[in-house]
Structure formats: C-alpha cells, structure tokens
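Work through these exercises with the structure in view. Each task is followed by a solution in steps.

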Amino acid sequence: MNYNDDLHWESKNFSNIPLSVFSDENIYKREIEKIFIGPVWLFLGLEAEIPNSGDFITNFAGDIPIVVNRSKDGNIYAFVNRCAHRSSTVVRELRGNSKNHTCIYHRWCYNHKGELTGVPYQNGINGKGGLPDDFNKNSHCLKRLKVELYKGAIFGSFSDKVEPLLDYLGPEIIKPLDRFFSKPVEILGYMRQRIDGNWKSYFENLTDGIHAGLLHQLAVKMGLWGSTPDGGIKLDRYGRHSHYYINYLKDTKYNGEYFKNKLALNDLTFSETVDEWDDDISTDTISIFPNVMFATVSNFLMTEQIRLVNPGEFELLSIVIGYKEDSPILRKLRQHQVAWLGPAGYVALEDSEAGALIHKAIKGQDKEHSYLGYGGHGKIKSSDNVLTEIGVRGFWRYYCYLMDFDSTRDNLKYLDSF
Ligand code: FES
Ligand SMILES: [Fe+2]
C-alpha cells in the first residue's frame, strides 16, 4: 500500500486526519507492528494488583494477550499468554496467585519468568514416543516483554529499541504522575467497557480539552463542572503524551449555579468533594501514548487502559483506586464519584458514545477527513488553556512518525527538533 497516495494527508500540520486510519484493516495490522510491538512503553497494570509473590493478572498489550506476575525474587515479569507448544492460552483466569503456570492442553509448565520448567512425556514411555533428543526447554519459553516500573505503574515493551521509561515519560508527565502516586494506592475495583469504535478516536478524546463542558452536560447542569474551564495542556517534548488539567473555579458565575437551582440534586453527597492536594487543580488526565490515561476527577482516581480488539472495536479497562490511608469519609466520596463518572453513570458512557458515533458516521468515506482547528494550526506545543486540539494533533504527529507514512517523513526533522 502506498500510504502517501491512499491516505490523503491533506496537510502536514496534522489538522486534517484521513478517515481511513479509523477503519482500514491494513493500517490496524501496521499499528500492531509499528506501534504496539514497536518502540513504545505500554501500560500493563498496577503493582498494587500483584503485591505478593505468585500474584498474577492477565491483560492485553494492544491486542496481544499477556500475563503479568510477581516472582519469588520480588520482581515483576510479563510475557505473552500463548503456549510455546501449540499456542493455547496458558493462564485462563483474570487474576490470582499461582506457584507456576500450567497450560491445560498438554500440561507444559512455566515459571514466573515464563521459562519452561516441565514437559510431560519428554522421553516417552519405555523408550517409545516423546520429544526429540535435542529438545531444549530453554528454546521454548514464553515470549517476554521488557518491564519497567514507575511508582506504582507497570509498563512493558516488546522492543529493545525503546527509550528508558523515564526518558519516554519526560518531566511533563512525571510531575503529575508523582501527584497521582503521592501515597500508596489500594485497588477499589475494576470497570470494563467494549466500544464499537476505533481506539484512536478514544485517545483523541483523552486529550481533547473542548468537549468536557459540552458533551458532559449532566455534570455541567448539576453544577459539578463549569462550562468554561480554566486550565491548560502540557505536552511532552514530542507532543505524544499530554497532561490536561482544570483548575478549581474561582468565578462562581460560570460554575453551573444557574442550572443547579433549577435541577436540584436529591442526594447532595453526589456532588461533594474534598480538596486533597496543595494546588489549584480539580481535574486532571495524564495521557501516555499509546494506551493509557491516569485520571483524577475531584476525588475519583483511576487508570484507564485502551485494549485493541479490531479496527472497529476496542475495550477500556479502568482500575479505580484509593489511597491506603483514606479516611472512611474520603473513601465513601471516591465511591460516590464512581457512580457518575464510571460506565454506570454518565461521563464514561458519554465519552464512549462519542467514539461510537464517529464509527457510525465515517463508513464508506475513506477519502474524507476530520478537522482539528481549535488552538490553530501552528507549532504543536503546550497550551495555557484547554480550548484547543493541540494534544490531539500531537498524538497524530507521533502516530505518523511511528507508522512511517511517506507523506510525513519530512516532518521527522521537525519532530526531532521539537
Ligand atoms: S498447547 Fe500448551 S501444552 Fe500443548
Ligand atoms: Fe470526556
């Protein structure tokens, strides 16, 4: 495929996105190859999910099934959940604790590092059958990912060429991550959504500062959020990750009081919040290319991981957390806030629905484009306001760089010098 001709990137400033990138099967395959098994760090889970030796979770890196576990040596290892024999799923549970991992099909057994430790009938029975004499267990291990941790977050990569994790995150992302992980965390629960849409339209949403007061009307009308947010977006040096933040409203004129008087809440605890940090930020989202967002919305804390299914379907796995030292009152507030932010409430559903609406609307229109104009078409850099699509353009620029599309090659110098 000649991406230059077929994709029709009309502009090189990433303000027009060809719709075929949201649906094309070949592009999806290329994303797996160039991005998800390429030089990126993928969020795999939280250390708090596997605190003890033998604890494991199953997850997906892009759309590749993986196991993440803690070994006796205290270290965390991650490997592909595909048996080295005939490719069956090895670990079938969502999470648990296990001394080793045994494939149910022919009982090949692996340790916490993914090394093959046991094989039935290796020498056959009475000299008959079995594996060849030169069979070597070391050549049949589970495919391992490189793993690095930052605070409580586990990241993995299939690539040896990926930057060290700290360089990958950069100071713009490390600072808010330190705020998110300022105290030891505890898992409060999980939420999962399967969405008819393309994973990239969801990543766009994460760093789209404009929609919050427009799409999420319930939150605004109930006076929970302002319709004119005051905040900004900080991008890392390549514009691939973003930190979007909204400050507490100083001017109550726009904080929804008008609507609040007309649409009173029966249960006022619904909208109660406690200011936990020594800064002005009420809401922030940290989006890390290509598969995770860390969100703090009032007292609601969660990680949200994007898991791919196919070009027209993806899954969101959210881990809702609290801090171990939470008072009972604060813990209750966090749980209340899940009710309206999670998929049982409105905000998460509204964001998912936006992705599904795009998916419905673009069918059969590969030659058309979406338009990113808020914030202008200039240099991709941090913004001191949120009424901008600068983070979305930053995402697309890095996406194109990794995908190696012909028409964007001459932007690489620009990207490197950013
Ligand atoms: S497929 Fe796993 S042991 Fe045969
Ligand atoms: Fe949203």
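Helix H5 (residues 199-206) lies across E15, E16, strand E17 (300-310) and strand E18 (313-323). Its direction is about 155° to E17. The model is a predicted one.

**Exercise 1. Find the order of the strands in the open sheet of seven, and say which strands stand at the edges.**

Step 1. Read across the sheet: the order is E12-E18-E17-E16-E15-E14-E13. The pairing is antiparallel.

Step 2. Look at the ends. Strand E12 (185-196) and strand E13 (231-235) each have a single partner strand, so one side of each has no neighbour in the sheet. These two are the edges.

**Exercise 2. Describe how strand E16 is joined to E15 and to E17.**

Step 1. Take E15 (residues 281-288) and E16 (residues 292-297). They run antiparallel and are joined by six bridges. Three residues separate them in a hairpin.

Step 2. Asp 284 stands opposite Thr 296 of E16. Thr 283 stands opposite Val 297 of E16.

Step 3. Turn to E17. Six bridges join E16 to E17, again antiparallel. Met 293 has Glu 304 of E17 as its bridge partner.

Step 4. Check the turn. The hairpin of E16 and E17 has two residues between the strands, and Ser 298 takes a positive phi near 55° there.

**Exercise 3. Classify two aromatic pairs, Trp 108 with Phe 135 and Tyr 202 with Phe 314.**

Step 1. Start with the total: the whole structure holds 20 aromatic pairs.

Step 2. Trp 108 and Phe 135 are 5.8 Å apart, centre to centre, with 70° between the planes. Planes over 60 degrees apart count as edge-to-face, and this pair is edge-to-face.

Step 3. Trp 108 is in the loop between strand E7 (101-102) and strand E8 (109-110), and Phe 135 is in the loop between strand E9 (116-118) and strand E10 (144-150), so the pair ties together parts 27 residues apart in sequence. Trp 108 is buried at 7% relative accessibility, and Phe 135 is buried at 14%.

Step 4. The ring centres of Tyr 202 and Phe 314 are 5.7 Å apart and the planes meet at 45°, so this pair is tilted. Tyr 202 belongs to helix H5 and Phe 314 to strand E18, so the pair ties together parts 112 residues apart in sequence. Both Tyr 202 and Phe 314 are buried.

**Exercise 4. Name the protein donors of the iron ion (ligand 2) and explain why the arrangement is irregular.**

Step 1. List the donors: His 211 (NE2), His 216 (NE2), Asp 351 (OD) and Asp 351 (OD). They lie 2.1 to 2.4 Å from the iron ion.

Step 2. Read the spacing in sequence: H-x4-H-x134-D.

Step 3. Test the angles. Tetrahedral needs all angles between 85 and 135 degrees. The four donor atoms subtend 57 to 142°, so the arrangement is irregular.

Step 4. Check the histidines. His 211 is buried, at 14% relative accessible area. His 216 is buried too, at 2%.

Definitions and conventions. Residues are numbered from 1 along each chain as its sequence is written. Chains are lettered from A and ligands numbered from 1 in the order in which they are written. This is a predicted model: local features need pLDDT of at least 70, side-chain atom pairs count only at pLDDT 80 or more; totals for chains, interfaces and linings use all residues. Side-chain values use heavy atoms; hydrogens and water are left out. Donors are N, O and S atoms within 2.8 Å of the metal (3.2 Å for Na, K and Ca); water is not among the atoms, so sites may look incomplete. Four donors count as tetrahedral if all angles lie between 85 and 135 degrees; four count as square planar and six as octahedral if opposite donors are over 155 degrees apart and all others between 65 and 115; anything else is irregular. Buried means under 20% relative accessible area, exposed over 50%, partly exposed in between (1.4 Å probe, protein chains only). Two strands pair if DSSP finds at least two bridges between them. Helices (H or I, at least four residues) and strands (E, at least two) are DSSP runs, numbered from the N terminus. Contact means heavy atoms within 4.5 Å. Axes are lines fitted to C-alpha atoms, for helices over the stretch in contact, and angles run from 0 to 180 degrees between N-to-C directions. Rings of Phe, Tyr and Trp (its six-membered ring) pair if their centres lie within 6.5 Å; planes under 30 degrees apart count as stacked, over 60 as edge-to-face and the rest as tilted.
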